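Student: I have a model open and want to learn how to read its features. Can we take them one at a time?

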Amino acid sequence: PSDKKTVRTLFSPIVLPSSVVSEMSPLQKKLLTYRRSSEQRKMRNQLRIDQGFKVYHRTMEEKYQRHPPPPIPELPSTEIYLFMKKCVLSKPVAPIQQQWLTSVLASVPQSLMEGRDRALLAEKLLGEITEDYEKSMRRFKVRSVLIKPDIKGLEDEEEAPLPLLPLGLDFSRPWHKSFIQARKKILSNLHILHPVMRSLLGFGYAAFSSFSIVDFSSFRLKGPVDCESLRADVTLSCFKAEEKLLNMWYQKILDLFSHKGALSGVKLNQLDSFYNCVSTLMSNQVKQFLTRMTEAFVKLFDPEDRSCLPLFKMELTLDENKMEFYPSFEDLEEAIFSIVNCIGQTLQNIQTVRSWLLGDSITLNTELPSHVIAWARSTLKKSIRDNLEGPKEYFENYVERYGWLVDGTAEAQIERFKAEEHSFDEYT
């Protein structure tokens, strides 16, 4: 048709201006004509390609309208996440630097690196470190790239998103300066490293490690004893033990401080803190010793091990028409508690070294800790009650069978019988 444009009608003939034509040589005219022809050829090819794409798209559109393709199935979110996680894990990670492994090996003592087996073990450990590093890097990559959806099927997946950085928090270190100052002050007043303190520790260990206030193993061997006798024996033993410790342990400490070189390196303004350190060390040693003695005494009443359980004399008495045990259960309990108090009152009047040097009367704080006393009383109370279940049952059975003979019941029956009229056989 005449109205249809063609490739030929889109381009007009090549007509050069007269001025240009007159100035060009024949060779230049020929080159210019060839260049123009080449450009027009490229434009025609592009037009053909564009028209071909238009025809193709129109054809395919008509085809899909007549026969639409089936919908693409959507993958479950679980499979999508697992697939993406697999893709992320498959990406390579930066290997651990060799200098890091070298630094790890440098921190191991040389004695642990000697020998062929040790070298193989170190190589194996470095392999485990490298493997753990790669696993951590891959897990970090998953946590930083993916966000695990909160859906069913991913409960066992541990990769949670990385925690967000806290906002609005002050990460400055205003405490650091005061910490350094306090640390310097502590180091300047810390006298526990002084040679005298080491000697005090040695004296205390030699005196208290194998020493005992009372020979608890002899309680069972003595057989049944009464409470007052046992309490008197424990009191005497504590007195003798205190006297022996003062002549042995405490006298060595006083001799140590009698020498001129005892305070070498201690400044004049540090004497108070130095002697406070000495008193604290001595107090702690005595308290630990008394605590150990208390625990040993309480262990005698262990219900699971009765091989060392003390035996107490208890008499069934008849007094004013009443049967009872002597001592009573309450008196027995208090007598046993008094032994704990007796142990705790040992070594309670020891002068401090500073007080001994100056002639004062200040004593060490060697009181048995309150929580140790509370524990000992509660433990003994339960153990004593458990061990007295047998005597209580025996006493109740005895009272039930024979109590009517002494509580006035039998006498009342006799008087009533005598006041009544009975036959000769009944009297007999």
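**Core, backbone and pockets**

Tutor: The largest nonpolar core has 65 residues, of which Leu200, Ile213, Trp249, Phe257, Phe289, Phe297 and Leu380 touch the most other members. A nonpolar core is a set of buried Ala, Val, Leu, Ile, Met, Phe, Trp, Tyr and Cys residues joined through side-chain atoms within 4.5 Å. Buried means under 20% relative accessible area, exposed over 50%, partly exposed in between (1.4 Å probe, protein chains only). This is a predicted model: local features need pLDDT of at least 70, side-chain atom pairs count only at pLDDT 80 or more, and totals for chains, interfaces and linings use all residues. Residues are numbered from 1 along each chain as its sequence is written, and side-chain values use heavy atoms, without hydrogens and water.

Student: Which element gives the most to this core?

Tutor: In soluble globular proteins, nonpolar side chains tend to be buried together. Here H10 gives the most, with 13 residues. Helices (H or I, at least four residues) and strands (E, at least two) are DSSP runs, numbered from the N terminus.

Student: What does Leu200 touch?

Tutor: Contact means heavy atoms within 4.5 Å. Not counting residues up to four places away in sequence, Leu200 touches Ile253, Leu256, Phe257, Val278, Leu281 and Gln285.

Student: Where is Pro327, and is its peptide bond from Tyr326 cis or trans?

Tutor: Pro327 sits in the loop between E2 and H11. The bond from Tyr326 to Pro327 is cis, with omega near -5 degrees.

Student: What about Leu347?

Tutor: Leu347 is not a glycine, yet has a positive phi of about 60 degrees. Its place is in the loop between H11 and helix H12 (353–358). Leu347 counts as buried because its relative accessibility is 0%.

Student: How many disulfides are there?

Tutor: A disulfide is a covalent bond between the sulfur atoms of two cysteines. The rule is a pair of cysteine sulfur atoms within 2.5 Å. The count comes to zero.

Student: How do I read the largest pocket?

Tutor: Rolling a probe the size of a water molecule over the atoms shows where empty space is left. On a 1 Å grid over the protein atoms alone, a pocket is an open set of points where a 1.4 Å probe fits, with protein on both sides within 12 Å along at least five of seven lines; lining residues have an atom within 4 Å of a point. The volume is about 230 Å³, the space filled by probe spheres set on the points, which are joined across faces, edges and corners. Its lining has 13 residues, with Pro310, Phe312, Leu332, Asn387 and Leu388 nearest the centre.
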